[in-house]
Amino acid sequence: MSTLRDVISAHTDLTSNSAAHLQRLVAEWQLLADLSFADFLLWGAVKDHPGSYVCLAQVRPTTGPTAYEEDQVGRLLEGEDAKHLHVAFTEGRIFREGDPVWRGDVAARHEAIPVRRRDRSQIIAVAARDTNLSDTRSPSHLELNYLKTADYLVQMLSDGGFPPPLLPGEPTTAPRIGDGLVRIGSDGLVRYASPNALSAYRRMGVTGHLRDRDLAELTRSLPSSADVGADAARRIADALAGGTPRRKEIEAKGATVLMRALPLRPGGKAAGALVLVRDITEVRRLDRELVTKDATIREIHHRVKNNLQTVAALLRLQARRVGSPQARLALEESVRRVASIALVHETLSQSSDESVGFDQIVDRVASMAVEVSVAESKVTLRREGTFGVLPSEYATPLVMVVNELIQNAVEHAYPPGQDGEVVIGVERDGDRFRVTVSDQGKGLPEGFRIADSTRLGLQIVHTLVTGELRGTIDMRPRAEGGTEAVVDFGLQ
């Protein structure tokens, strides 16, 4: 069972609202594990088995050693082993008493925290905070502040105040405590700032230490856009008031910092706020470079399209001046081939990546083929199936192949003035394609083989399919009459 919801539905009687709350908790609880230097395990009561609990999810700390080398999800506990969970679940309090528990050579301290929804209606699960005790030493100033903040958040978890509510459109990425942590008191003054948080603020132009300074006013006075600084300051003030503001990017002195403010309200009492900051200057610089490169690539495709259209116009002009009907026909065919390639580059010039929606290209190529041949025949074209999105390296040869097959069917399948239909069929299975261009016309000459054809268009098709697309092509009579050309290839 790969997902939290799968484990919940298989082992517990939790409602969908409770399951959604636990999913939100699991999305946020890396913060708890890192601040606590401990593993967090989420336990649910097993349906129809009172006193039994199943591990629904697990997270390990990135700041300290784990208490469990093996995965605990799906593990069942009952009896004396589940005593701490049972106390938290039935008595509704945080369980901290008890001796260390040994697993092999590792001793761990077990705590159990009842998990309530924000409406505080009932206990829906128990979060176990299991700390590896192998590294026993006096904690540093940073570690003491981490643990104090963790205790606030653990109490809020028991009260239903953690995790914060999900905001529409909120990004999934967020600063972690290793990026930078600032704890401020209920008066808005900084009680502690980690070295990385201090570095982030200094990159934005702050001098001196942060301790005992008003973080909201300090952020407001950063040498950035007035709106940016004031907005960030409002978010800090909102967190101090118990709100859960959105993440905010602050740009100042050439640095970009992602900030997130969380209220600290254990037991419903204001205890300040937790501000996480992450220096993302290099990330945003690379983003700007990518945007610039992407714009450059789209401009190149736009210019290639313009150049191809110019070539097509020159060929069309030359065709009008040529006296030989055979030469004029050859130039007009070249115009259509160049125009079909130009369509691919036109689509790429409007795309944000090197892929194209191929269906619209095929439809336009088919439309051009009908427009060119309308004076000689009454052929209609229809597409069955969908190509979807294709990489540009496949789109260019494939549009040439489809264009030639359509043109061949339109020009040679039906006598002038006769009604007819050409169908472009597409079957896609993952990365495998089977493209069929079929008609109900007069059929193929006796003994026809595309590899032996002397027509330039069919020679182009055979070369592109076997070479560029690394596929196969077969032109054969249809059982119902007419001809079908079948192209089979796969994306590599």
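This is a predicted model: local features need pLDDT of at least 70, side-chain atom pairs count only at pLDDT 80 or more; totals for chains, interfaces and linings use all residues.
1. Domains. The domain assignment of the protein gives three segments, namely domain 1 (4-137), domain 2 (177-281) and domain 3 (354-490). The C-alpha centres of domain 2 and domain 3 are 62 Å apart.

2. The largest nonpolar core. This core holds 44 residues, and Phe358 and Phe489 are those with the most contacts inside it. Two or more residues are given to this core by each of several elements, among them α10 (325-349), α11 (358-373), β15 (419-429) and β18 (483-490). Helix α12 supplies the largest share, 11 residues.

3. Surroundings of Phe489. Leaving aside residues up to four places away in sequence, Phe489 touches Tyr394, Leu398, Asp431, Arg432, Phe433, Val435, Leu469 and Gly471.

4. The second core. A separate core of 41 residues includes Ala125, Val154, Leu157 and Ala271.

5. Helix α12. This helix covers residues 392-412, and its 21 residues should span 30 Å at 1.5 Å a residue, which agrees with the 30 Å between its end C-alpha atoms. Because 17 of the 21 residues of α12 are buried, the helix is largely enclosed by the rest of the structure.

6. Ser194. This residue sits in the loop between β8 (190-193) and α6 (195-203), and its relative accessibility of 3% is under the 20% limit, so Ser194 counts as buried. Not counting residues up to four places away in sequence, Ser194 is in contact with Leu142, Tyr146, Gly180 and Leu181.

Methods. Residues are numbered from 1 along each chain as its sequence is written. Side-chain values use heavy atoms; hydrogens and water are left out. Helices (H or I, at least four residues) and strands (E, at least two) are DSSP runs, numbered from the N terminus. The expected span of a helix is 1.5 Å times one less than its number of residues. Buried means under 20% relative accessible area, exposed over 50%, partly exposed in between (1.4 Å probe, protein chains only). Contact means heavy atoms within 4.5 Å. Domain bounds come from an automatic or database domain assignment. A nonpolar core is a set of buried Ala, Val, Leu, Ile, Met, Phe, Trp, Tyr and Cys residues joined through side-chain atoms within 4.5 Å.
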